[in-house]
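Welcome to a short tour of a protein chain. Please keep the structure open beside you and look up each place as we reach it.

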Amino acid sequence: LEQIGGAVYTIAGKSGYETAINLATNLGIKVPPSGLSFDHVWRLIKRNLPRTVIIDEADKMMVKGRRDLLYELTRSGASIVLITNLFNFYEKFVDDVRIRSAFHPKHLFFQRYGVQELLEILRDRVEEAFQPNVFTTEAIAECALAAGKVEGDARYGIDLLRKCGEIAVTNRLKSITADVVQRAIEEVEEDKLKESLLTMRSVERAILEILADNQVKHKPNLSPGELYAKYNRVGCI
């Protein structure tokens with residue numbers, strides 16, 4: 001978004017490359033959204049890198065592609081602040097030994113938001129992003145309640161606002177009601193499931209495929225021993 005004193009804050013893109021583009025933009029560097037190599041973008045960033053780099057929703061940039069940005073940042077001399085809702089972020093995504101050799105983060109944990117706090121956050125976002133009176137009071141409350149059920153995840157609530165807006169535009173709705181929120185919840189949950197499948201390790205995906213195949217064939221649940229035997233037979237070990 002902008003530089004903050006000796007720091008720069010950015011929201012992660014869907015890959016390290018997209019995040020690097022966001023980071024460059026927030027540093028005031030004019031770069032196209034595509035067409036440049038990562039190395040080129042990084043050279044531009046490195047010349048203007050402040051003392052601290054803050055990346056919000058950091059898990060998003062680790063889902064696709066290589067970990068080039070994190071690798072370069074760990075060797076840049078800058079302090080790195082990664083904000084994520086995943087408690088196992090380091091174990092799940094930082095699997096490159098070159099990064100682990102230089103990146104030894106200190107973890108800080110914060111309490112989840114309560115429903116009232118989520119309601120205030122979402123109201124502020126609605127005021128910034130939507131025309132007055134488009135989002136009904138009941139709809140905002142539904143989004144806050146839904147986010148509260150997902151362990152107080154503000155990002156989930158904001159995703160619901162975005163999805164509600166998309167549904168309203170597609171269907172030419174004049175207002176966003178609680179019914180629209182329910183449709184948005186279904187679509188956001190579907191998106192989350194797709195993302196979870198994309199971030200699975202090969203071992204996890206193999207086990208899921210075995211279990212899914214077992215269900216399709218209407219067979220009883222597998223015992224741990226049977227699962228292990230099937231896992232071996234498909235050549236996973």
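Which residue just after helix 1 takes a positive phi? It is G28, with a phi of about 85°. Keep in mind throughout that this is a predicted model.

## The whole chain

Let us step back for an overview. The chain has 11 helices and 4 strands. Its C-alpha atoms fill a box of roughly 60 × 50 × 35 Å, taken along the principal axes. Of the 237 residues, 36% are buried. The accessible surface comes to about 14900 Å², and carbon and sulfur atoms account for 53% of that surface.

## Helix 1

Helix 1 covers residues 16-26. Its buried residues are G16, T19, A20, I21, L23, A24 and N26. An α-helix has 3.6 residues a turn, so residues three or four places apart point the same way.

## Strands side by side

Now find strand 2, which spans residues 7-11. This strand is mostly covered, with 4 of its 5 residues buried. Strand 2 runs parallel to strand 3 (residues 52-56), and 5 bridges join the two. Within this pairing, V8 stands opposite V53, and T10 stands opposite I55.

Strand 3 also has strand 4 (residues 79-83) as a partner, again parallel and again over 5 bridges. Here D56 has I83 as its bridge partner in strand 4. Because 4 of its 5 residues are buried, strand 3 is largely enclosed by the rest of the structure. For strands in general, the side chains of a regular strand alternate between the two faces of the sheet.

## A closer look at I55

Is I55 buried or exposed? This residue of strand 3 has 0% relative accessibility, so I55 counts as buried. Leaving out residues up to four places away in sequence, I55 touches T10, A12, T19, M61, L69, L73, V81, L82 and I83. T19 is also among the buried residues of helix 1.

I55 also shows how folding brings together places that are separated in sequence. I55 and Y9 are 46 residues apart along the chain, yet their C-alpha atoms are separated by 6.0 Å.

A disulfide is a covalent bond between the sulfur atoms of two cysteines. How many disulfides does the structure hold? The count is 0. C143 is in no disulfide, and the nearest cysteine sulfur, that of C164, is 4.5 Å away. C164 likewise is in no disulfide, its nearest cysteine sulfur being that of C143.

## Residues in the loops

Most residues other than glycine have a negative phi. N133 is not a glycine, yet has a positive phi of about 70°. You will find N133 in the loop between helix 6 (115-129) and helix 7 (137-149), and at 72% relative accessibility N133 counts as exposed. R172, also a residue other than glycine, has a positive phi near 55°. R172 lies in the loop between helix 8 (154-170) and helix 9, and counts as exposed at 79% relative accessibility.

Our last stop is M200, in the loop between helix 9 (178-198) and helix 10 (202-216). With a relative accessible area of 24%, M200 is partly exposed. Not counting residues up to four places away in sequence, M200 touches R205 and L208. The C-alpha atoms of M200 and D95 are separated by 13 Å, while the two residues are 105 residues apart along the chain.

Terms used: Residues are numbered from 1 along each chain as its sequence is written. This is a predicted model: local features need pLDDT of at least 70, side-chain atom pairs count only at pLDDT 80 or more; totals for chains, interfaces and linings use all residues. Side-chain values use heavy atoms; hydrogens and water are left out. Buried means under 20% relative accessible area, exposed over 50%, partly exposed in between (1.4 Å probe, protein chains only). A disulfide is a pair of cysteine sulfur atoms within 2.5 Å. Accessible areas come from the Shrake-Rupley method with a 1.4 Å probe; for residues, only the protein chains shown count as cover. Two strands pair if DSSP finds at least two bridges between them. Contact means heavy atoms within 4.5 Å.
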